[in-house]
Amino acid sequence: MQENKTLSRAEWLDKIFGTPVFAVLLAIFCNVLWGSAFPFIKLGYRLFAIDSSSTASIFCFAGVRFMLGSFLVLLGSVLLQSRLPKFPRGKVAAECCALGLWQTTTQYAFYYIAVAMLTGAFGGILNSTQSFLGVIFAHFIYGNADRMTPAKTLGCAVGFAGVLIGTLGNHGSGSGWGVFCMMAATIIFTLSGPWNKSVTKKADSFAVCFINLFVGGLALFVLGTVLGGSLHVQSALAVVVMLYLAFICGAGYVLWALLMKNNPVSRIAIFGFVNPVVNVLLSAVLNGEPLFRWQYLAALVFVCVGIWLVNKAPAKKEGK
(Lines give C-alpha, C1' and ligand atoms only; values in the text may rest on other atoms or scores of the structure.)
Protein backbone atom coordinates (compact mmCIF):
# COMPACT_ATOMS: atom_id res chain seq x y z
CA MET A 1 0.00 0.00 0.00
CA GLN A 2 1.11 3.55 -0.73
CA GLU A 3 1.60 5.58 2.40
CA ASN A 4 -0.23 8.84 2.78
CA LYS A 5 2.38 11.48 3.21
CA THR A 6 1.31 14.64 4.99
CA LEU A 7 3.02 17.65 3.49
CA SER A 8 4.73 20.07 5.81
CA ARG A 9 3.72 23.72 5.65
CA ALA A 10 6.87 24.55 3.69
CA GLU A 11 6.27 21.72 1.20
CA TRP A 12 2.64 22.70 0.78
CA LEU A 13 3.61 26.31 0.07
CA ASP A 14 6.25 25.21 -2.45
CA LYS A 15 3.65 23.09 -4.23
CA ILE A 16 1.13 25.94 -4.38
CA PHE A 17 3.63 28.58 -5.46
CA GLY A 18 5.08 26.23 -8.07
CA THR A 19 1.69 25.74 -9.76
CA PRO A 20 1.96 27.69 -13.06
CA VAL A 21 -1.47 29.36 -12.98
CA PHE A 22 -1.12 30.37 -9.34
CA ALA A 23 2.44 31.58 -9.92
CA VAL A 24 1.37 33.80 -12.82
CA LEU A 25 -1.48 35.34 -10.81
CA LEU A 26 0.81 36.05 -7.86
CA ALA A 27 3.51 37.50 -10.12
CA ILE A 28 0.92 39.91 -11.54
CA PHE A 29 -0.28 40.71 -8.01
CA CYS A 30 3.28 41.53 -6.84
CA ASN A 31 3.83 43.85 -9.79
CA VAL A 32 0.49 45.55 -9.12
CA LEU A 33 1.68 46.18 -5.56
CA TRP A 34 5.01 47.62 -6.70
CA GLY A 35 3.40 49.65 -9.46
CA SER A 36 1.08 51.25 -6.91
CA ALA A 37 3.93 52.34 -4.61
CA PHE A 38 4.91 55.57 -6.44
CA PRO A 39 1.39 57.07 -6.66
CA PHE A 40 0.58 56.01 -3.08
CA ILE A 41 3.78 57.63 -1.78
CA LYS A 42 2.77 60.89 -3.51
CA LEU A 43 -0.69 60.54 -1.96
CA GLY A 44 0.97 59.93 1.40
CA TYR A 45 2.94 63.16 1.12
CA ARG A 46 -0.34 65.07 0.80
CA LEU A 47 -2.05 63.19 3.62
CA PHE A 48 0.90 63.81 5.98
CA ALA A 49 1.19 67.45 4.82
CA ILE A 50 4.77 66.94 3.59
CA ASP A 51 6.01 69.64 1.25
CA SER A 52 8.04 68.44 -1.74
CA SER A 53 10.96 70.60 -0.58
CA SER A 54 10.99 69.14 2.97
CA THR A 55 13.63 66.44 2.49
CA ALA A 56 13.88 65.84 6.25
CA SER A 57 10.17 64.99 6.64
CA ILE A 58 10.34 62.87 3.47
CA PHE A 59 13.10 60.80 5.12
CA CYS A 60 10.96 60.41 8.28
CA PHE A 61 8.04 59.20 6.14
CA ALA A 62 10.23 56.65 4.33
CA GLY A 63 11.84 55.46 7.56
CA VAL A 64 8.52 54.72 9.27
CA ARG A 65 7.31 52.84 6.21
CA PHE A 66 10.33 50.54 6.06
CA MET A 67 10.44 49.85 9.78
CA LEU A 68 6.76 48.85 9.71
CA GLY A 69 7.44 46.70 6.64
CA SER A 70 10.27 44.91 8.44
CA PHE A 71 7.90 43.66 11.14
CA LEU A 72 5.56 42.33 8.45
CA VAL A 73 8.51 40.27 7.19
CA LEU A 74 8.80 38.73 10.69
CA LEU A 75 5.08 37.98 10.59
CA GLY A 76 5.54 36.35 7.19
CA SER A 77 8.31 34.16 8.59
CA VAL A 78 6.05 33.00 11.44
CA LEU A 79 3.14 32.27 9.09
CA LEU A 80 5.20 30.54 6.40
CA GLN A 81 7.96 28.87 8.42
CA SER A 82 6.16 28.48 11.78
CA ARG A 83 9.06 30.28 13.46
CA LEU A 84 10.92 33.53 13.69
CA PRO A 85 13.96 33.72 11.42
CA LYS A 86 17.36 32.80 12.80
CA PHE A 87 19.33 36.02 13.02
CA PRO A 88 23.00 36.07 12.00
CA ARG A 89 25.81 37.22 14.26
CA GLY A 90 29.23 38.73 13.93
CA LYS A 91 30.51 39.63 10.48
CA VAL A 92 27.39 38.37 8.70
CA ALA A 93 25.15 40.53 10.90
CA ALA A 94 27.39 43.53 10.23
CA GLU A 95 27.21 42.84 6.49
CA CYS A 96 23.39 42.71 6.67
CA CYS A 97 23.39 46.11 8.40
CA ALA A 98 25.75 47.53 5.76
CA LEU A 99 23.45 46.17 3.05
CA GLY A 100 20.50 47.90 4.71
CA LEU A 101 22.33 51.23 4.78
CA TRP A 102 23.15 50.86 1.09
CA GLN A 103 20.06 49.22 -0.40
CA THR A 104 17.38 50.80 1.78
CA THR A 105 18.81 54.03 3.22
CA THR A 106 20.86 55.28 0.28
CA GLN A 107 18.65 53.97 -2.50
CA TYR A 108 15.38 55.21 -1.02
CA ALA A 109 16.80 58.57 0.04
CA PHE A 110 17.25 59.26 -3.67
CA TYR A 111 13.98 57.51 -4.60
CA TYR A 112 11.76 59.43 -2.18
CA ILE A 113 13.29 62.77 -3.20
CA ALA A 114 12.55 61.84 -6.82
CA VAL A 115 8.94 60.96 -5.99
CA ALA A 116 8.41 64.47 -4.63
CA MET A 117 9.80 66.06 -7.80
CA LEU A 118 8.46 63.90 -10.64
CA THR A 119 5.01 63.01 -11.87
CA GLY A 120 4.02 59.45 -11.02
CA ALA A 121 3.81 58.39 -14.66
CA PHE A 122 7.19 59.75 -15.68
CA GLY A 123 8.86 58.57 -12.46
CA GLY A 124 7.51 55.06 -12.98
CA ILE A 125 8.75 55.00 -16.55
CA LEU A 126 12.21 56.09 -15.40
CA ASN A 127 12.22 53.54 -12.59
CA SER A 128 11.42 50.73 -15.04
CA THR A 129 14.94 51.09 -16.44
CA GLN A 130 16.03 48.77 -13.62
CA SER A 131 14.76 45.88 -15.76
CA PHE A 132 17.21 46.84 -18.50
CA LEU A 133 20.12 47.93 -16.32
CA GLY A 134 19.91 44.60 -14.48
CA VAL A 135 20.32 42.70 -17.74
CA ILE A 136 23.29 44.85 -18.80
CA PHE A 137 25.05 44.64 -15.42
CA ALA A 138 24.45 40.88 -15.20
CA HIS A 139 26.34 40.43 -18.46
CA PHE A 140 29.48 41.85 -16.82
CA ILE A 141 28.95 40.55 -13.26
CA TYR A 142 27.99 36.92 -13.96
CA GLY A 143 29.89 36.36 -17.21
CA ASN A 144 28.90 33.28 -19.20
CA ALA A 145 26.13 32.46 -16.72
CA ASP A 146 24.02 35.41 -17.84
CA ARG A 147 25.21 36.69 -21.23
CA MET A 148 23.38 39.20 -23.39
CA THR A 149 21.31 37.63 -26.16
CA PRO A 150 19.86 39.23 -29.29
CA ALA A 151 16.42 39.36 -27.61
CA LYS A 152 17.86 41.02 -24.49
CA THR A 153 19.83 43.53 -26.54
CA LEU A 154 16.75 44.44 -28.57
CA GLY A 155 14.65 44.64 -25.41
CA CYS A 156 17.11 47.03 -23.74
CA ALA A 157 17.24 49.21 -26.86
CA VAL A 158 13.43 49.35 -27.13
CA GLY A 159 13.05 50.00 -23.39
CA PHE A 160 15.54 52.86 -23.28
CA ALA A 161 13.93 54.31 -26.41
CA GLY A 162 10.66 54.37 -24.47
CA VAL A 163 12.32 56.26 -21.60
CA LEU A 164 13.69 58.83 -24.07
CA ILE A 165 10.22 59.26 -25.58
CA GLY A 166 8.87 59.90 -22.09
CA THR A 167 11.23 62.87 -21.73
CA LEU A 168 10.10 64.61 -24.93
CA GLY A 169 8.22 67.87 -24.93
CA ASN A 170 9.15 69.21 -21.48
CA HIS A 171 5.57 68.55 -20.40
CA GLY A 172 5.92 69.10 -16.69
CA SER A 173 7.27 65.67 -15.78
CA GLY A 174 9.64 67.11 -13.20
CA SER A 175 13.03 68.65 -12.53
CA GLY A 176 16.44 67.57 -13.72
CA TRP A 177 17.42 66.92 -10.10
CA GLY A 178 14.42 64.62 -9.76
CA VAL A 179 15.48 62.67 -12.85
CA PHE A 180 19.02 62.38 -11.48
CA CYS A 181 17.74 61.08 -8.11
CA MET A 182 15.48 58.49 -9.74
CA MET A 183 18.28 57.20 -11.97
CA ALA A 184 20.67 57.10 -8.99
CA ALA A 185 18.12 55.06 -7.01
CA THR A 186 17.62 52.71 -9.95
CA ILE A 187 21.35 52.11 -10.38
CA ILE A 188 21.83 51.49 -6.65
CA PHE A 189 18.92 49.01 -6.67
CA THR A 190 20.39 47.15 -9.63
CA LEU A 191 23.88 46.97 -8.13
CA SER A 192 22.44 45.79 -4.79
CA GLY A 193 21.06 42.61 -6.35
CA PRO A 194 24.30 40.56 -6.41
CA TRP A 195 25.21 41.69 -2.87
CA ASN A 196 21.76 40.78 -1.55
CA LYS A 197 21.98 37.39 -3.23
CA SER A 198 25.40 36.79 -1.68
CA VAL A 199 24.24 37.70 1.83
CA THR A 200 21.14 35.46 1.68
CA LYS A 201 23.44 32.50 1.08
CA LYS A 202 25.01 33.13 4.48
CA ALA A 203 21.87 33.76 6.53
CA ASP A 204 18.10 33.19 6.69
CA SER A 205 16.59 35.27 3.86
CA PHE A 206 13.78 36.52 6.15
CA ALA A 207 16.37 37.70 8.67
CA VAL A 208 18.37 39.44 5.94
CA CYS A 209 15.25 41.25 4.70
CA PHE A 210 14.19 42.26 8.23
CA ILE A 211 17.62 43.72 9.04
CA ASN A 212 17.81 45.39 5.62
CA LEU A 213 14.45 47.13 6.03
CA PHE A 214 14.67 47.89 9.76
CA VAL A 215 18.24 49.20 9.85
CA GLY A 216 17.79 51.11 6.59
CA GLY A 217 14.45 52.53 7.70
CA LEU A 218 15.77 53.47 11.16
CA ALA A 219 18.71 55.30 9.58
CA LEU A 220 16.34 57.27 7.33
CA PHE A 221 14.08 58.17 10.26
CA VAL A 222 16.98 59.25 12.50
CA LEU A 223 18.54 61.28 9.67
CA GLY A 224 15.21 62.97 8.95
CA THR A 225 14.61 63.75 12.63
CA VAL A 226 18.12 65.18 13.11
CA LEU A 227 17.56 67.40 10.07
CA GLY A 228 14.38 68.73 11.65
CA GLY A 229 11.77 66.57 9.93
CA SER A 230 8.52 65.35 11.47
CA LEU A 231 5.28 63.60 10.56
CA HIS A 232 1.80 65.00 11.16
CA VAL A 233 -1.13 62.63 10.69
CA GLN A 234 -3.92 64.60 9.06
CA SER A 235 -6.56 61.85 8.98
CA ALA A 236 -7.24 58.15 9.45
CA LEU A 237 -6.68 57.74 5.70
CA ALA A 238 -3.05 58.80 6.20
CA VAL A 239 -2.53 55.85 8.57
CA VAL A 240 -4.20 53.48 6.11
CA VAL A 241 -1.92 54.64 3.28
CA MET A 242 1.18 54.21 5.47
CA LEU A 243 0.11 50.68 6.44
CA TYR A 244 -0.54 49.82 2.79
CA LEU A 245 2.94 51.04 1.82
CA ALA A 246 4.40 48.92 4.64
CA PHE A 247 2.38 45.96 3.33
CA ILE A 248 3.97 46.41 -0.10
CA CYS A 249 7.40 46.09 1.54
CA GLY A 250 6.67 43.00 3.58
CA ALA A 251 4.21 41.08 1.41
CA GLY A 252 6.01 41.91 -1.81
CA TYR A 253 9.26 40.47 -0.48
CA VAL A 254 7.75 37.30 0.96
CA LEU A 255 5.59 36.48 -2.07
CA TRP A 256 8.32 37.21 -4.62
CA ALA A 257 10.89 35.16 -2.68
CA LEU A 258 8.58 32.13 -2.77
CA LEU A 259 7.84 32.66 -6.47
CA MET A 260 11.55 32.89 -7.34
CA LYS A 261 12.26 29.76 -5.33
CA ASN A 262 9.64 27.60 -7.05
CA ASN A 263 9.53 28.86 -10.65
CA PRO A 264 11.78 29.54 -13.64
CA VAL A 265 12.70 33.22 -13.61
CA SER A 266 11.25 33.66 -17.10
CA ARG A 267 7.80 32.52 -15.93
CA ILE A 268 7.37 35.34 -13.44
CA ALA A 269 9.84 38.12 -14.35
CA ILE A 270 8.13 38.66 -17.70
CA PHE A 271 5.18 40.22 -15.88
CA GLY A 272 7.32 43.18 -14.86
CA PHE A 273 5.56 45.14 -17.60
CA VAL A 274 2.51 45.33 -15.29
CA ASN A 275 4.44 47.61 -12.93
CA PRO A 276 4.69 50.78 -15.09
CA VAL A 277 1.14 50.27 -16.42
CA VAL A 278 -0.33 50.28 -12.90
CA ASN A 279 1.87 53.22 -11.98
CA VAL A 280 0.57 55.38 -14.84
CA LEU A 281 -3.09 54.43 -14.26
CA LEU A 282 -3.04 54.99 -10.49
CA SER A 283 -1.15 58.26 -10.87
CA ALA A 284 -4.08 59.50 -12.92
CA VAL A 285 -6.73 58.14 -10.53
CA LEU A 286 -5.15 59.06 -7.17
CA ASN A 287 -3.20 62.18 -8.00
CA GLY A 288 -5.10 63.68 -10.93
CA GLU A 289 -2.19 63.40 -13.36
CA PRO A 290 -2.89 63.49 -17.11
CA LEU A 291 -3.27 60.01 -18.53
CA PHE A 292 -3.61 60.51 -22.26
CA ARG A 293 -0.28 62.21 -22.99
CA TRP A 294 1.13 60.72 -26.17
CA GLN A 295 4.60 60.75 -24.60
CA TYR A 296 3.41 58.64 -21.66
CA LEU A 297 1.42 56.19 -23.76
CA ALA A 298 4.16 55.71 -26.37
CA ALA A 299 6.82 55.36 -23.67
CA LEU A 300 4.66 52.84 -21.83
CA VAL A 301 4.29 50.67 -24.94
CA PHE A 302 8.04 50.72 -25.63
CA VAL A 303 8.98 50.01 -22.02
CA CYS A 304 6.49 47.12 -21.70
CA VAL A 305 7.68 45.54 -24.96
CA GLY A 306 11.28 45.96 -23.81
CA ILE A 307 10.59 44.25 -20.46
CA TRP A 308 8.83 41.40 -22.26
CA LEU A 309 11.78 40.91 -24.61
CA VAL A 310 14.51 40.89 -21.95
CA ASN A 311 12.58 38.33 -19.88
CA LYS A 312 11.37 36.19 -22.77
CA ALA A 313 12.31 32.56 -22.18
CA PRO A 314 14.78 31.24 -24.77
CA ALA A 315 13.55 28.44 -27.00
CA LYS A 316 14.29 25.03 -25.53
CA LYS A 317 16.54 22.80 -27.51
CA GLU A 318 15.39 19.33 -28.39
CA GLY A 319 16.99 16.58 -26.38
CA LYS A 320 19.48 14.33 -28.21
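**Exercise 1. Is T190 buried or exposed, judged by its relative accessibility?**

Solution. Start with the model itself, which is predicted.

- Step 1: locate the residue. T190 sits in helix α8, which spans residues 176-200.
- Step 2: apply the cut-off. Buried means under 20% relative accessible area. T190 comes out at 11% relative accessibility, so T190 is buried.
- Step 3: look at the surroundings. Once neighbours within four places in sequence are set aside, T190 contacts Q130, L133, G134 and F137.
- Step 4: bring in the record. An unreviewed UniProt entry lists residues 177-195 as a transmembrane region. In the model that stretch is 100% helix and 0% strand, with its end C-alpha atoms 27 Å apart.

**Exercise 2. Describe the overall make-up of the protein, then find a helix that is enclosed by the rest of the structure.**

Solution. Begin with the whole chain and then zoom in.

- Step 1: check burial. Of the 320 residues in the protein, 49% are buried.
- Step 2: check the reach of the contacts. Taking contacts between residues at least 6 apart in sequence, 88% join residues at least 24 apart.
- Step 3: pick the helix. In α5 (residues 120-127), 8 of the 8 residues are buried, so this helix is largely enclosed by the rest of the structure. The buried residues of α5 are G120, A121, F122, G123, G124, I125, L126 and N127.

**Exercise 3. Which residues touch the most other members of the largest nonpolar core?**

Solution. Work from the core as a set down to one of its residues.

- Step 1: name the residues. The largest nonpolar core holds 64 residues, and I41, Y45, F61, F66, Y111, Y112 and L259 touch the most other members.
- Step 2: find the main contributor. Helix α2 (residues 20-47) supplies the largest share of this core, 12 residues.
- Step 3: follow Y112. Not counting residues up to four places away in sequence, Y112 touches I41, Y45, I58, F61, A62, R65 and F66.
- Step 4: look for another core. A second, separate core has 8 residues, among them A203, V208, F210 and I211.

**Exercise 4. Which elements give two or more residues to the lining of the second largest pocket?**

- Step 1: get the volume. The second largest pocket contains about 190 Å³ of space.
- Step 2: list the lining. The residues are F17, L72, L75, G76, L79, L80, F247, G250, A251, V254, L255 and L258.
- Step 3: assign the elements. The elements giving two or more residues are α3 (55-81) and α10 (236-262), with α10 giving the most, 6 residues.
- Step 4: The lining divides into 10 nonpolar, 2 polar and no charged residues.
- Step 5: return to the record. UniProt's unreviewed entry also lists residues 56-80 as a transmembrane region. Over residues 56-80 the chain is 100% helix and 0% strand, and the end C-alpha atoms lie 36 Å apart.

Technical notes
Residues numbered from 1 in each chain as written. Predicted model: local features only at pLDDT ≥ 70, side-chain atom pairs only at ≥ 80, totals over all residues. Heavy atoms only, no water. Core = buried A, V, L, I, M, F, W, Y, C linked by side-chain atoms within 4.5 Å. Buried < 20%, exposed > 50% of the residue type's maximum accessible area, 1.4 Å probe, protein only. Helix = DSSP H or I, 4+ residues; strand = E, 2+ residues; numbered from the N terminus. Contact = heavy atoms within 4.5 Å. 1 Å grid on protein atoms, 1.4 Å probe; cavity = no way out; pocket = protein on both sides within 12 Å on 5 of 7 lines; lining within 4 Å. Points joined across faces, edges and corners; volume = space filled by probe spheres on them. Nonpolar A, V, L, I, M, F, W, Y, C, P; charged D, E, K, R; others polar. UniProt positions renumbered as here; feature names shortened; annotations may be inferred.
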